[in-house]
Amino acid sequence: MTPEDFSEIMKNVKKRKLRKIGAGAHGEIYKMCGTPYAVKFLNPSVFPENRLAQAVLGIEYFLQKRLYDNNVSVPKPIGIMGVYHPKYREFRPGLIMEEIQTSLLSRILNSGKIRVGWHEEVEKANSKGIVVYDSSPQHNTMWDKVRKKVVLHDCISWREEVK
Ligand SMILES: Nc1ncnc2c1ncn2[C@@H]1O[C@H](COP(=O)(O)OP(=O)(O)OP(=O)(O)O)[C@@H](O)[C@H]1O
Ligand SMILES: [Mg+2]
């Protein structure tokens with residue numbers, strides 16, 4: 001991330017509008033309106049301590065960065081930073097990453113391509129010694145409708161291969 005990108009995100013960080021675009025068992029994803037980024041928060045019910053949430057998101061960032069640098073298709077990770085949470089009305093640790101343009105319809109229409117693309121990305125990750133935790137493209141797989149390609153996400157549970 002360039003210093004200009006960083007100051008763009010930090011500009012009016014408290015007033016920056018966030019719009020919820022996704023949720024899972026552990027976290028929520030918000031679009032950072034006016035930027036090309038999304039932010040992932042961990043649910044306070046699962047991670048009540050900010051410091052713990054920050055550490056866990058740090059592991060996710062580290063794995064995602066390693067995959068991104070090795071050309072595995074994951075959202076470009078930017079970093080961890082305190083972001084004002086609209087629901088809890090306080091700063092919470094957030095994993096900032098590239099926002100992927102995706103929709104359920106594009107996912108359905110491209111389900112065949114998703115299967116093929118998923119296998120390719122999993123192979124690439126395996127060749128770098130990282131085992132993908134999810135067992136099928138039903139989980140943690142997005143279809144990027146702009147670049148027309150598969151993007152894997154939620155790398156937190158992936159494992160370094162034990163030799
Ligand atoms: N970078 C992104 N850009 C756009 N949408 C995203 C992005 N990352 C995640 N999403 C959306 O948010 C949803 C939840 O994301 P994610 O799987 O990371 O959350 P989670 O709470 O960790 O999930 P889990 O229940 O698997 O633990 C995804 O299914 C996807 O639709
Ligand atoms: Mg998930």
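**Strand pairing, cores and ligand shell of the predicted model**

Within strand S2, the residue that forms a bridge with Ala23 is Glu28. The structure is a predicted model, in which local features need pLDDT of at least 70 and side-chain atom pairs count only at pLDDT 80 or more, whereas totals for chains, interfaces and linings use all residues. Residues are numbered from 1 along each chain as its sequence is written, and chains are lettered from A and ligands numbered from 1 in the order in which they are written. Helices (H or I, at least four residues) and strands (E, at least two) are DSSP runs numbered from the N terminus, and two strands are taken to pair if DSSP finds at least two bridges between them.

The shell around ligand 1 was examined next. A residue is near a molecule or strand if its C-beta atom, placed from the backbone, lies within 6 Å of it. Around ligand 1 there are 20 residues, of which Gly22, Gly24, Ala25, Gly27 and Asp154 come nearest. Two or more residues of this shell are given by each of strand S1 (18–23), strand S2 (27–32), strand S3 (37–42) and strand S5 (90–98), and S1 provides the largest share, three residues. By residue class, the shell contains nine nonpolar, seven polar and four charged residues; here Ala, Val, Leu, Ile, Met, Phe, Trp, Tyr, Cys and Pro count as nonpolar, Asp, Glu, Lys and Arg as charged, and the others, Gly among them, as polar. Ligand 1 lies between domain 1 (3–98) and domain 2 (104–160), because both domains give residues to its shell; the domain bounds come from an automatic or database domain assignment.

Burial was assigned from C-beta atoms placed from the backbone, a residue being buried if 20 or more other C-beta atoms lie within 10 Å of its own, exposed if 12 or fewer, and partly exposed in between. A nonpolar core is a set of buried Ala, Val, Leu, Ile, Met, Phe, Trp, Tyr and Cys residues joined through C-beta atoms within 7 Å. The largest such core has 19 residues, and those with the most contacts inside it are Tyr37, Ala38, Val39 and Leu95. At least two residues of this core are supplied by each of S2, S3, helix H2 (50–69), S4 and S5, with the largest share, five residues, coming from S3. A second, separate core has 17 residues, including Leu63, Val72, Val74 and Ile130. Phe62 lies in helix H2 and counts as partly exposed, because it has 13 C-beta neighbours inside 10 Å.

A further strand pair is formed by strand S7 (residues 141–144) and S8, which are antiparallel over four bridges, and in which Thr141 has Leu152 of S8 as its bridge partner. Strand S8 (residues 149–152) has a covered face, made up of Val150 and Leu152, and an uncovered face, made up of Lys149 and Val151. In the S7 and S8 hairpin, four residues separate the strands, and Lys148 takes a positive phi near 55°. Most residues other than glycine have a negative phi. Lys148 is exposed, with 11 other C-beta atoms within 10 Å. Asn71, found in the loop between H2 and S4, also has a positive phi, of about 70°, although it is not a glycine, and Asn71 is exposed, with 10 other C-beta atoms within 10 Å.
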